[in-house]
Amino acid sequence: MSQQIINHVTESTEKKRGIHRVFYSARQTLRHYASGGNVLIVATLLALIVANIPGLNNLYFDFWNQEVRLQVGDFNIFSHAGHPMTVLQFINDALMAIFFFYHWP
């Protein structure tokens, strides 16, 4: 009977050690390798929270709808059919194009 209790305690202790090793490994990985990913996760969570709070969502959507202008004389470089681009359009069109041309095989 006492041997069964000792075996049970030993097994549960080993399980706890295994779990602690897994969490320790995950913490170390997050600390050393995924800092850019962590920033993206935090930014995504913050954007989701701000976009869904009634008092703050106007600020969130106003930010994405701001006009982006880079003018040389009367010519606006960031424009769609003569209309200035919003921040969202600038990211979708200009920055994504640069990203995909850079990562072209």
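Val68 stands opposite Met85 of strand E5. Strands E1 and E5 run antiparallel and are joined by 2 bridges. They belong to an open sheet of 3 strands, ordered E1-E5-E4, with antiparallel pairing. Strand E1 (67–68) and strand E4 (79–80) are the edges of this sheet: each has a single partner strand, so one side of each is left without a neighbour in the sheet.

Helix H4, covering residues 87–102, packs on the sheet and touches E1, E4 and E5. The direction of H4 makes about 85 degrees with that of E5.

Strand E5 itself spans residues 83–86, and Thr86 is found in it. Is Thr86 buried or exposed? Its relative accessible area is 17%, and because the cut-off for buried is under 20%, Thr86 counts as buried. Leaving aside neighbours within four places in sequence, Thr86 is in contact with Trp64, Asn65, Gln66, Glu67 and Val68. Val68, one of these contacts, is the residue that stands opposite Met85.

A search of the whole structure finds 5 aromatic pairs. In one of them, the rings of Phe63 and Trp64 have centres 5.1 Å apart and planes at 70 degrees, so the pair is edge-to-face. Both residues are partly exposed: Phe63 has a relative accessibility of 40%, and Trp64 has a relative accessible area of 24%. A further edge-to-face pair is formed by Phe78 and Phe90, at 4.8 Å centre to centre and with 70 degrees between the planes. What does this second pair tie together? Phe78 lies in the loop between strand E3 (75–76) and E4, while Phe90 lies in helix H4, so the pair ties together parts that are 12 residues apart in sequence. Phe90 is buried, at a relative accessible area of 18%.

Phe63 and Trp64 also belong to one aromatic cluster with Tyr60 and Phe61. Tyr60 and Phe61 take part in a helix contact as well, on the side of H3. Here helix H2 (residues 35–52) and helix H3 (residues 57–64) pack at an angle of about 115 degrees, with their axes 6 Å apart. From H2 the contact draws on Ala47, Val50 and Ala51; from H3, on Asn57, Tyr60 and Phe61. By class, the residues of this contact are 5 nonpolar, 1 polar and no charged.

The chain as a whole can now be set out. The protein chain has 4 helices and 5 strands, and along the sequence they follow the pattern α-α-α-β-β-β-β-β-α. Of its 105 residues, 10% count as buried. Among contacts between residues at least 6 apart in sequence, 7% join residues at least 24 apart.

The mean pLDDT of the chain is 78, and 76% of the residues reach 70 or more. Where pLDDT is low, the predicted coordinates should not be read in detail.

Definitions and conventions: Residues are numbered from 1 along each chain as its sequence is written. This is a predicted model: local features need pLDDT of at least 70, side-chain atom pairs count only at pLDDT 80 or more; totals for chains, interfaces and linings use all residues. Side-chain values use heavy atoms; hydrogens and water are left out. Buried means under 20% relative accessible area, exposed over 50%, partly exposed in between (1.4 Å probe, protein chains only). Contact means heavy atoms within 4.5 Å. Two strands pair if DSSP finds at least two bridges between them. Axes are lines fitted to C-alpha atoms, for helices over the stretch in contact, and angles run from 0 to 180 degrees between N-to-C directions. Rings of Phe, Tyr and Trp (its six-membered ring) pair if their centres lie within 6.5 Å; planes under 30 degrees apart count as stacked, over 60 as edge-to-face and the rest as tilted. Ala, Val, Leu, Ile, Met, Phe, Trp, Tyr, Cys and Pro count as nonpolar, Asp, Glu, Lys and Arg as charged, and the others, Gly among them, as polar. pLDDT is the predictor's confidence in each residue, from 0 to 100.
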